[in-house]
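Let's take a walk through a protein together.

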Amino acid sequence: MNYIVLDMEWNQPWPGSPSARKVLPVQIRGEIIQIGAIRLTEDQQVADEFQIMIKPKYYRHLNRRVSKLTGIKETRLTEEGVPFPFAMEQFRDWCGDDIVFLTWGFDDIGILRENLQLHGLDTGWTDRWYNAQMIFNAQTDGSTSQKALKTAMESFGIEATRPAHDALGDAYHTALICARLDLKKGAQEYDEALKSHENGFHGAELPGCICRQVYYDFADKRAALSAMSGEENKCPVCGGRMLGSRWFSQPGHRYMDLAACPEHGKFLIRVRLSEQPDGLTRVSRLTYEATSEAAEAYARRAEKADPEQPRPTRRRRRRKTAVENVKE
């Protein structure tokens, strides 16, 4: 068995652009443009590495924010990029059969699966994976906060020798962190946490999620939660305004609420707040059916959780954009 430490970069259309209005066969949060991976042996030794550039098929014009963050230019994708199906064939051959994926965060595997589905490719080979970020937390300070890769490197005294926000560079630095963790113990604890729905450890999307959205540029937490219970609290079926009840805080800057649409009933809303590089607040929002496993688990926790009641603020300024993953 080998561990495959995976990192990716992906493109998103600029809001209002023709690409943003495209109706795709499968909803995706981003179209992958670069894959970087490091192989760790079962005894956690760094072995070989893999990198490939992918020429986008649907979001062909590179979002300038993505370009600025990653340093990738459209000319590079044109010259070096290969079609996604060919890239996946090469990547799967390199990975081999008996593998477990490790990522720094929850987004990469989900976006990989979305892109595979978009191209009609098998997703089963991505089923075994762990968020190394959570294993790192469990084996260091025990917190549930999602630490930046740079923070974890500093904690272990690892010097950056490769560029940040580059798929292979981030995968390599993640692999160095993983090599210092007890991955077997971490995987066992991770699996146990999943079975007991301890989302402070896992925090990933649970079954029953019917809608995913990301919002940017809120002034602070109160402004973000106010918007999520106000103008952005829309029914995933009809788009009409929903009425919320109370926000309940959860570990890792997460909050939940049970909102109701007059026509289509109740939905569980889960949001996670994170700080943007410019100090403003980003919101990841998940909407679940009220009868889903996630809704039942969170309803039980609501009895013990403290309500979070945001007050309106005039400092809020918001700009909703396409989903973007920013690795600090």
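Start with a hairpin. Strands E9 and E10 form it, with 5 residues between them. Take a look at Gly279 in that turn: its phi is positive, at about 90°. Keep in mind as you go that what you're looking at is a predicted model.

E9 covers residues 265-275, and it runs antiparallel to E10, with 9 bridges joining the two. If you want a spot to check by eye, find Phe267, which stands opposite Glu289 in E10.

E10 has another partner as well. Strand E6, made of residues 209-218, is joined to E10 by 7 bridges, and this pair is antiparallel too. Here you can look for Cys209, which sits opposite Tyr288 of E10.

Take Arg254, which you'll find in strand E8, residues 254-261. Is Arg254 buried or exposed? Its relative accessibility is 6%, so it counts as buried.

Next, hop over to Glu9, which is part of strand E1, residues 2-11. With a relative accessible area of 6%, Glu9 is buried. And what is Glu9 in contact with, once you leave aside its neighbours within four places in sequence? The list includes Ile32, Ile33 and Gln34, along with Thr70. Further along the chain numbering, you'll also find His165, Asp166, Ala167 and Asp170 among the contacts of Glu9.

Time to zoom out. The whole protein has 328 residues, and 53% of them count as buried. Its secondary structure comes to 10 helices and 11 strands. Now consider the contacts in the protein with a separation of 6 or more: 69% of them are between residues 24 or more positions apart. The accessible surface of the protein comes to about 15600 Å², and carbon and sulfur atoms make up 47% of it.

Note on methods: Residues are numbered from 1 along each chain as its sequence is written. This is a predicted model: local features need pLDDT of at least 70, side-chain atom pairs count only at pLDDT 80 or more; totals for chains, interfaces and linings use all residues. Side-chain values use heavy atoms; hydrogens and water are left out. Two strands pair if DSSP finds at least two bridges between them. Helices (H or I, at least four residues) and strands (E, at least two) are DSSP runs, numbered from the N terminus. Buried means under 20% relative accessible area, exposed over 50%, partly exposed in between (1.4 Å probe, protein chains only). Contact means heavy atoms within 4.5 Å. Accessible areas come from the Shrake-Rupley method with a 1.4 Å probe; for residues, only the protein chains shown count as cover.
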